[in-house]
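Hello,

Here is the structure we spoke about. Please open it first, then read the notes below.

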Number of protein chains: 4
Amino acid sequence: MQLQMDAGALTVFLAREFGQVADEFEVERADAAGVGMRLKVGEKHLRPGGTVSGPTIFLLADVAMYLAILARIGPVALTVTTNCAIDFMRKPVAGRDLLGEARVLKLGRSLAVGDVMVFSEGLAEPVARASLTYAIPPKD
Amino acid sequence: MQLQMDAGALTVFLAREFGQVADEFEVERADAAGVGMRLKVGEKHLRPGGTVSGPTIFLLADVAMYLAILARIGPVALTVTTNCAIDFMRKPVAGRDLLGEARVLKLGRSLAVGDVMVFSEGLAEPVARASLTYAIPPKD
Amino acid sequence: MQLQMDAGALTVFLAREFGQVADEFEVERADAAGVGMRLKVGEKHLRPGGTVSGPTIFLLADVAMYLAILARIGPVALTVTTNCAIDFMRKPVAGRDLLGEARVLKLGRSLAVGDVMVFSEGLAEPVARASLTYAIPPKD
Amino acid sequence: MQLQMDAGALTVFLAREFGQVADEFEVERADAAGVGMRLKVGEKHLRPGGTVSGPTIFLLADVAMYLAILARIGPVALTVTTNCAIDFMRKPVAGRDLLGEARVLKLGRSLAVGDVMVFSEGLAEPVARASLTYAIPPKD
């Protein structure tokens, strides 16, 4: 399997298309196994009680899977999330970055499916698990 | 069924416990049927292509269901989301607020389950549908 | 909105295409709001402890939503389930039929999304809630 | 981590508590990584078009995860499924057994979460992926 985009190309794509959130992220790895992303946790991602918010975890899962698909099909910007099922299993640590490990399980012509494990840096056990489906627009 | 918190009490709770996001929201309704929330869509909620981001829709679903549960059980701040399944069905309109209609389907001693329909103001058909589960901490 | 198939046509379709399970079901209603199905609970659907099994509830949700979509698009037999998220909320009563109320929330060209509330006959509160996505094959 | 039940003990438990479906299954493996189950596909699991039915896949995922949890906590028969999100990704081959690989991702006092990959014997790519949550009854 050959990747259409590597970590560098995904980083450029993210900055160009998702300027509003791009600087919160770092593409750490893009290979045949999938994509590894870091979300640099800051003040705005926190919730009272010293933890990272659920929507922040969702954001990381969504971006990581999106880039894992694009790594395989190239920069098809109109690919959209159609479904996500997410389990929040443990509290992330407030002062630690989140790490997302995304892998593509199915890459069809019109649908792609994958899952993401989310970790709080330094904890061995995942804080969340998500599965996501994306609709890929038909080629003209 | 008697509510423990009405729209005013939920608004006060939101401002106190979730100061970072409280001013994006308005509790429009809290009654036996559930809770109606408005998310005031601004620049930071948008995505290229003129639409509202998926994490913003998730945020609205999560907050609306959380408050629908608290309306029934009172201000139990440690209640946490354990699961969410969300279908993104249509593109929200960029310049319109999002409206979330949350209803509680089960209120057990330790788990609460409900669903949320999300609308883009002015569109008759829902843009998203979410079901969510929350763990309620045991009373001492 | 005009239905392509009414309750009678759906019953005929079910018997022809799903002979193995058709006699467990009854199409009670098919109208603009969706489809109402009855699953006639028998010995084989039960679990120890006097309840109906989870896979039986899943089966009802899947068949009810499938027919709700076909009522709208006609007998497209190759339509397949791609995703289901289901919450089991209460124990069904062992000796009672299950009732499923399916509604279509989105009917696109290639994807249909809907949800189903499942009741144990005689109980006011739902025993389960499911959301399902189906892929509709392209027309030639 | 020490298992409370090995493959043999799980097989005995399944026969005693789930006599109606036990002979369709084989526990192939139970270790620290999780549980591997085989569903012996027969006539009653098939759908027209030469494939295995969705409810059969759901059944395998549910049983595999249930036993993976019991392997860790022992024979707590009242443990119940509260949620399942399942993606159907490829058509299983009609004449082949299904194989389920279940792993536990979280084992809390009252909730357990895990996921299952389902394979059609002989195909390298999974036919389905499920995540499931179970409620564990409190100990007296």
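**Strands of chain B**

In chain B, strand E1 (residues 25-31) and E2(B) are antiparallel partners, joined over 6 bridges. Strands here are DSSP runs of at least two residues, helices are H or I runs of at least four, and both are numbered from the N terminus. Two strands pair if DSSP finds at least two bridges between them.

The model is predicted, so local features need pLDDT of at least 70, side-chain atom pairs count only at pLDDT 80 or more, and totals for chains, interfaces and linings use all residues. Residues are numbered from 1 along each chain as its sequence is written, while chains are lettered from A and ligands numbered from 1 in the order in which they are written.

Back to the E1(B) and E2(B) pair. A hairpin of 2 residues links them. Arg29(B) has Gly36(B) in E2(B) as its bridge partner.

E2(B) also pairs with strand E6 (residues 98-107) of chain B, antiparallel, over 5 bridges. There, Arg38(B) stands opposite Leu99(B) in E6(B).

How many residues of strand E2 (residues 34-39) of chain B are buried? The count is 5 of the 6, so the strand is largely enclosed by the rest of the structure. Buried means 20 or more other C-beta atoms within 10 Å of the residue's own, with C-beta atoms placed from the backbone.

**Chain D against chain A**

This contact takes 12 residues from chain D and 12 residues from chain A. Residues are in contact if their C-beta atoms, placed from the backbone, lie within 7 Å. On the chain D side, the largest share, 3 residues, comes from E8(D).

Best wishes

Methods: Contact = placed C-beta atoms within 7 Å. Buried ≥ 20, exposed ≤ 12 C-beta atoms within 10 Å, placed from the backbone.
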